[in-house]
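Hi everyone, thanks for making time today. I'd like to walk you through one structure, so let's get it up on the screen.

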Amino acid sequence: MSEEQTPARAAHVLAGAQIDDSARARHLLAEARRSIDNIDAALVHLLAERFKHTQRVGLLKAEHGLPPADPDREAQQVARLQELARTSGLDPVFAERFLRFIVTEVIRHHEQIRDDVEDALAEDGTDGSTSPSTPTRRAQS
């Protein structure tokens, strides 16, 4: 004999379906968050690797008396990354803001490296005039 479809039975079946949907949604949410967490970890590792290289650039700039900022390079990078963003489906304005945030931090690091190199030279009593590879203080543009 078939079960009679009463309003109470229908409500019970509907509640069970909603529980199943909620459980599935929680499972899908957990999967998506695991992926996001993995991507965040990769971004941190990539940024750390990037900053290792920019630290080397900062040291080279300081050793050769070059300014910490390079507006021409920054403009080229902004244009390049905006195009990459467009082709990747990412908002180019967001990509530019993100890059500018990173570049600002890189320049801060380069200024600190420059200051540290200049302080070390001052402690050694060297003014940088005897070697082309030692830094001299230049005005920043």
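This is a predicted model: local features need pLDDT of at least 70, side-chain atom pairs count only at pLDDT 80 or more; totals for chains, interfaces and linings use all residues.

Let me start with His110, which sits in helix H3; helices here are DSSP runs of H or I with at least four residues, strands are E runs of at least two, and both are numbered from the N terminus. Residues are numbered from 1 along each chain as its sequence is written, and side-chain values use heavy atoms, with hydrogens and water left out.

Back to our histidine. Is His110 buried or exposed? His110 has a relative accessible area of 4%, so it is buried; buried means under 20%, exposed over 50%, and partly exposed in between, with a 1.4 Å probe and protein chains only. Setting aside neighbours within four places in sequence, His110 contacts Thr54, Val57, Gly58, Lys61 and Pro68, where contact means heavy atoms within 4.5 Å.

Now let's zoom out. The protein chain has three helices and zero strands, running α-α-α from the N terminus. Of its 141 residues, 21% are buried. Among contacts between residues at least 6 apart in sequence, 62% join residues at least 24 apart.

Next, the inside. Which residues make up the largest nonpolar core? There are five: Ala69, Val78, Leu99, Val103 and Ile107. H3 gives the largest share of this core, three residues. By nonpolar core I mean a set of buried Ala, Val, Leu, Ile, Met, Phe, Trp, Tyr and Cys residues joined through side-chain atoms within 4.5 Å. Val78 touches Glu96, Leu99 and Arg100, not counting residues up to four places away in sequence.

Finally, the rings. Searching the whole structure turns up one aromatic pair. The ring centres of Phe94 and Phe98 are 6.1 Å apart with planes at 20°, so this pair is stacked. For the cut-offs, rings of Phe, Tyr and Trp (its six-membered ring) pair if their centres lie within 6.5 Å; planes under 30 degrees apart are stacked, over 60 edge-to-face, and the rest tilted. Both phenylalanines, Phe94 and Phe98, lie in helix H3 (residues 92-124), four residues apart, about one turn of the helix. Phe94 is partly exposed at 44% relative accessibility, and Phe98 is partly exposed too, at 38%.

That's my tour, and I'm happy to take questions!
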